[in-house]
Amino acid sequence: MIQLENITKSYGTKKVLKGINLDLEKGKVYGIVGENGAGKTTLFKCIAGLEPFEGDLNSDFQPLKNHLGLLETNPAFLSRITGWEYFEIVMLRQRSKQEDFEAQNIFELPLDLYAESYSTGMKKKLAFMAILLQKNEVFILDEPFNGVDIQSNILITELILKLKSLGKTVIIFFPYFFYFK
Amino acid sequence: MKVYFRLQYLRFERWLQESGVHPFLGMILMAIAFIGGSEYAYYKTSYAPWILCLIAISYLFKIGAQERTEQLKAIFSRDLFIKIRLLENVLIIIPFLLLFALKGSWIPALSLIPIAPLLIFWNQGFRFNRTIPTPFKKFPFEFIIGFRKSFPIILLAWFLVYKSIDVDNFNLGLAALGLVFLNNMSFFLKPESPYFVWIFSTTPSQFLKRKAWVAMICNSILTVPILVALCIGYPENWWIPLLIQFVGYVFLVSVILAKYSAYPGEISIPQGILYALSLWFPPMLLLVIPLFYKQSIKNLKPILK
């Protein structure tokens with residue numbers, strides 16, 4: 001369970017988030033919809049701890065960031081890093097033995113190649129796979145279907161439902177209404 | 001075209017402002033740094049004009065980067081694109097040409113003049129498509145990226161060490177060791193996305209210790225072979241490369257601290273000047289390292305809390 005109480009965030013004099021209250025439970029998928037500039041990404045960053053804010057954020061998982069998988073709208077990639085190496089970097093948090101990533105290459109990505117050479121959709125799939133490998137309890141996905149082909153969209157939808165059935169909390173940010181079964 | 005260059009000037013002014021320096025003062029400082037640095041290079045080595053020539057060419061390559069070139073081509077007509085790029089390249093080489101003219105270095109000057117327009121047509125789209133293997137597989141990511149970007153420099157340094165022993169020129173070997181250290185320090189100049197800091201589950205001080213420790217191990221992989229070769233090649237002077245190695249580690253750690261003291265921004269001009277002064281006068285590091293460390297902890301706290 002994650003509780004957001006009266007989350008407020010301002011950039012200078014401009015108030016972007018005004019007293020946001022949310023209860024996010026295990027085994028549920030939440031959608032947060034808002035127009036461009038509504039503050040979705042700011043809320044995303046506040047929950048992730050990437051932006052300071054006013055208000056309280058309580059969670060069963062302490063610290064929350066160690067159980068949180070983040071998928072940004074445009075995931076950050078380092079130059080001259082292969083898909084494998086990207087996984088290794090993202091798995092630094094776990095400090096556990098490296099897994100067999102190839103067996104879990106559900107999107108069949110060319111992991112030997114530099115990630116910067118991937119298409120927009122492939123980059124997103126790589127970043128999504130990485131947060132799945134982290135075995136997180138909470139997932140925050142900012143526009144996860146953006147730039148991804150239809151087959152992968154279906155696969156991502158199935159994966160989100162699988163995460164739900166495993167008792168994970170999934171929060172999805174959309175710039176528009178999206179039908180999600 | 002006028003609008004384009006006015007915007008570039010505005011961007012430059014903003015960059016100086018964001019770096020913490022008044023634009024006018026920044027431009028004066030840059031001119032002083034260029035003149036002072038060039039004078040120092042001329043005083044130190046007879047290769048100075050060629051070193052400066054290489055610096056100018058590296059800027060020409062940088063400004064002709066593929067992504068930037070493609071953007072310009074998409075915005076402007078072919079004629080205008082060529083005019084803009086030509087003027088940009090000419091503006092870059094003018095200070096170097098003036099300097100070469102004053103110093104009477106005519107051959108580097110005459111070499112630079114045709115290179116500037118020719119590089120407009122250089123296709124930087126070509127990329128070596130193979131993944132370059134590195135010896136840093138288990139270490140995150142600065143040395144993996146840095147090695148892939150600069151392995152020719154490291155190969156050159158190793159060759160220089162071989163030549164140093166071959167022709168019995170100890171200073172050449174020491175310069176090669178210094179070159180590898182400087183190259184490795186450059187891996188830490190650009191800040192990474194906050195995501196790649198956020199993923200660490202440590203405190204800021206543990207994070208910095210880990211970064212420093214990993215950097216020293218990775219650095220050792222590249223420099224210890226040179227160190228051993230120099231100690232064996234010049235047994236009577238074994239302590240000099242060891243001293244350089246030690247000082248190099250201190251500089252390496254301090255550049256990591258300098259990077260995070262400005263994080264998530266880039267190292268500002270005042271910080272850069274402070275760091276350059278410590279390179280010139282190393283005892284200043286006793287003052288600079290605690291200062292950068294304190295600032296780094298402050299900057300990393302919001303991301304690693």
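Which residues have the most contacts inside the largest nonpolar core? They are A:Ile81, A:Tyr86, A:Ile140, B:Leu177, B:Ile226, B:Leu252 and B:Ile256, in a core of 82 residues. A nonpolar core here is a set of buried Ala, Val, Leu, Ile, Met, Phe, Trp, Tyr and Cys residues joined through C-beta atoms within 7 Å. Buried means that 20 or more other C-beta atoms lie within 10 Å of a residue's own, exposed means 12 or fewer, and partly exposed is in between, with C-beta atoms placed from the backbone.

Before we go on, please keep in mind that this is a predicted model, in which local features need pLDDT of at least 70 and side-chain atom pairs count only at pLDDT 80 or more, while totals for chains, interfaces and linings use all residues. Residues are numbered from 1 along each chain as its sequence is written, and chains are lettered from A and ligands numbered from 1 in the order in which they are written.

Another core, of 11 residues, lies apart from it and includes B:Phe96, B:Leu99, B:Phe100 and B:Ala116. In soluble globular proteins, nonpolar side chains tend to be buried together. For a closer look, take A:Ile140: beyond its neighbours within four places in sequence, A:Ile140 is in contact with A:Phe44, A:Ile47, A:Ala48, A:Leu68, A:Leu70 and A:Ile171. Contact requires C-beta atoms, placed from the backbone, to lie within 7 Å.

Now to where the chains meet. The contact takes 20 residues from chain A and 19 residues from chain B. On the chain B side, α7 (142–166), α9 (195–198) and α13 (285–304) each supply at least two residues, and the largest share, four residues, comes from α7(B). That side has 12 nonpolar, three polar and four charged residues, where Ala, Val, Leu, Ile, Met, Phe, Trp, Tyr, Cys and Pro count as nonpolar, Asp, Glu, Lys and Arg as charged, and the others, Gly among them, as polar.

Let us follow α13(B) to a helix that it meets. Its axis and that of α10 (residues 204–233) of chain B come within 9 Å and cross at roughly 110°, the axes being lines fitted to C-alpha atoms, for helices over the stretch in contact, with angles from 0 to 180 degrees between N-to-C directions. That makes α10(B) roughly perpendicular to α13(B); angles of 65 to 115 degrees count as roughly perpendicular, under 35 as roughly parallel, over 145 as roughly antiparallel and the rest as oblique. On the α10(B) side, B:Pro204, B:Ser205, B:Phe207 and B:Leu208 meet B:Ser296, B:Ile297, B:Leu300, B:Lys301 and B:Leu304 of α13(B). These residues divide into six nonpolar, two polar and one charged.

A:Glu116 is partly exposed, because 14 other C-beta atoms lie within 10 Å. The axes of α2(A) and α3(A) are 10 Å apart, at an angle of about 40°, which makes α2(A) oblique to α3(A).

Finally, B:Leu16 sits in helix α1 (residues 2–18) of chain B and counts as buried because it has 20 C-beta neighbours inside 10 Å.

Key. Two residues are in contact if their C-beta atoms, placed from the backbone, lie within 7 Å.
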